[in-house]
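Me: Could we go through this model together? I would like to start with confidence and then turn to the details.

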Amino acid sequence: MRNGKNSEGYLDPTASAAIGQVSREESEADKRVNDLIKVLKFIIRSCGFELTERVQLKDTKSGKEYR
């Protein structure tokens, strides 16, 4: 959907609003994950440890996995 228009070129405000909401929710979740990883890394370092593997997280609300 480009510029709020469907594939035929007609305005589709309902779909545009829904897609916008989903995009905002996804970007908010991405920000929360990034903030969480920063906090985890800080705690790990402050306790005298080092992170040796990637952190894998799963959002319980959406089911999306972050690696």
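Me: What is the mean pLDDT of the protein?
Reply: This is a predicted model, in which local features need pLDDT of at least 70, side-chain atom pairs count only at pLDDT 80 or more, and totals for chains, interfaces and linings use all residues. Residues are numbered from 1 along each chain as its sequence is written, and side-chain values use heavy atoms, with hydrogens and water left out. The mean pLDDT, the predictor's confidence in each residue from 0 to 100, is 86, and 97% of the residues reach 70 or more.

Me: Which element has the lowest mean pLDDT, and which the highest?
Reply: The lowest is α1, with 86, and the highest is β1, with 92. Helices (H or I, at least four residues) and strands (E, at least two) are DSSP runs, numbered from the N terminus.

Me: How far does α1 reach?
Reply: From its first C-alpha to its last, α1 reaches 49 Å with 34 residues, close to the 50 Å expected at 1.5 Å a residue. That expected span is 1.5 Å times one less than the number of residues. After α1 comes Gly 48, with a positive phi near 85 degrees.

Me: Which residues of α1 are buried?
Reply: Gly 20, Ala 29 and Val 33 are buried, where buried means under 20% relative accessible area, exposed over 50%, and partly exposed in between (1.4 Å probe, protein chains only). Their cover includes β1 and β2.

Me: Now the largest pocket. Which helix gives the largest share of its lining?
Reply: Helix α1 (residues 13–46) does, with 6 residues. A pocket is an open set of points on a 1 Å grid over the protein atoms alone, where a 1.4 Å probe fits, with protein on both sides within 12 Å along at least five of seven lines; lining residues have an atom within 4 Å of a point. Among the lining residues are Ala 29, Arg 32, Asp 59, Lys 64 and Tyr 66.

Me: Is Asp 59 buried or exposed?
Reply: Asp 59 counts as buried because its relative accessible area is 13%. Asp 59 lies in the loop between β1 (57–58) and β2 (65–66). Beyond its neighbours within four places in sequence, Asp 59 is in contact (heavy atoms within 4.5 Å) with Ala 29, Arg 32, Lys 64 and Tyr 66.

Me: And where is Val 55 found?
Reply: Val 55 sits in the loop between α1 and β1. Val 55 counts as partly exposed, at 22% relative accessibility. Neighbours within four places aside, Val 55 is in contact with Tyr 66 and Arg 67.
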